[in-house]
Amino acid sequence: MRRVAAIDCGTNSIRLLIADADPDTGRLRELDRRMRIVRLGQGVDRTGRLAPEALERTFAACREYADAIAAQGGVDRIRFVATSASRDAENRADFVRGVVGILGVEPQVISGDEEAEYSFTGATRELAGTRTEPPVLVVDIGGGSTEFVLGEDRVRAARSVDIGCVRMTERHLAVDGRVADVPTAAQIAAVEADIAAALDLAARTVPLEQARTLVGLAGSVTTVAAIALGLPAYDSTAVHHSRISLEQVREVTGRLLTSTHAERAAIPVIHPGRVDVIAAGALVLLKIMERVGAAEVVVSEHDILDGIAYAAASGSPG
């Protein structure tokens with residue numbers, strides 16, 4: 001067994017998984033899994049730079065994760081993957097230097113296609129034997145981008161496009177940096193137009209209409225699922241591998257788009273860091289399901305983070 005630490009630093013959140021892994025079978029025994037909302041991508045779409053306060057929030061989480069890794073007696077390998085926000089930022093060198101100084105490992109700033117590959121592996125590795133019909137389309141809705149990857153046992157096609165809950169919120173649902181309490185019809189239409197254009201772009205590479213099973217990943221999807229299930233508090237075991245119908249997603253999305261900030265904040269399963277961006281994330285999921293023709297989405301708590309851990313255990317480059 002090899003003890004590994006996987007860190008996924010996205011536009012909205014940074015997550016850690018420490019696990020004992022069997023490099024032959026890829027089986028993981030989870031030791032610690034945690035998430036912090038740091039909003040690293042704050043303002044990147046507008047300024048092209050990582051904000052100083054966003055960097056400091058991220059570095060504070062990295063210090064916490066360094067302590068967590070030390071508390072497990074150290075690990076054989078750390079893999080730190082950075083996604084959309086740090087790909088786009090002019091000052092990403094500041095981010096890299098900070099992470100190296102805290103964790104002693106350089107972030108692997110991966111391409112959208114690599115991000116999709118990790119997501120597919122993490123989400124589908126344990127689906128064998130479950131009620132899923134191939135081809136499987138894995139959709140990872142992040143803060144800055146969404147990854148689409150289609151495959152059976154292996155990836156057949158993948159594409160990353162720039163629609164995510166933070167990017168859509170900042171681009172269309174905020175005025176002078178402040179998110180609208182309840183978005184207007186015109187604002188919602190602008191988000192929908194952006195999503196439609198991105199889906200057209202994704203479909204040039206990934207034959208979306210061929211999907212027979214849709215698997216949804218990341219916080220927007222799991223939060224929508226928790227709301228649809230009516231959970232009194234977030235419960236990852238109830239959410240993992242739940243099946244949420246198109247009608248349920250449509251109902252939750254409509255509720256979120258017509259709720260005030262206070263009403264969204266009062267929903268117990270919504271993390272405080274997602275209150276402002278969850279409506280846009282839900283709308284991305286809804287439009288994907290409608291485009292694909294999916295009657296339901298299989299929700300997975302295991303995603304890119306698990307794919308990173310599998311890669312670290314196997315000793316693959318990066």
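This is a predicted model: local features need pLDDT of at least 70, side-chain atom pairs count only at pLDDT 80 or more; totals for chains, interfaces and linings use all residues.
Local features require pLDDT of at least 70 and side-chain atom pairs pLDDT 80 or more, whereas totals for chains, interfaces and linings use all residues. Residues are numbered from 1 along each chain as its sequence is written, and side-chain values use heavy atoms, without hydrogens and water.

The protein chain contains 13 helices and 13 strands, defined as DSSP runs (H or I, at least four residues, for helices; E, at least two, for strands) numbered from the N terminus. Its C-alpha atoms fill a box of roughly 50 × 45 × 40 Å along the principal axes. Of the 318 residues, 54% are buried, that is, under 20% relative accessible area (1.4 Å probe, protein chains only). Among contacts (heavy atoms within 4.5 Å) with a separation of 6 or more, 69% join residues 24 or more positions apart.

The largest nonpolar core comprises 51 residues; such a core is a set of buried Ala, Val, Leu, Ile, Met, Phe, Trp, Tyr and Cys residues joined through side-chain atoms within 4.5 Å. Leu137, Phe148, Val249, Leu256 and Ile288 have the most contacts inside this core. Elements contributing two or more residues are β6 (136–141), β7 (146–151), β8 (155–161), α7 (185–203), α8 (219–228), α10 (246–257), α12 (278–292) and β13 (296–299). The greatest contribution, eleven residues, comes from α12. Beyond neighbours within four places in sequence, Leu256 contacts Ile227, Arg264, Ile267, Ile270, Ile278, Ala279 and Ala282. A second, separate core of 25 residues includes Val38, Leu55, Ala82 and Ala89.

Conventions
Buried means under 20% relative accessible area, exposed over 50%, partly exposed in between (1.4 Å probe, protein chains only).
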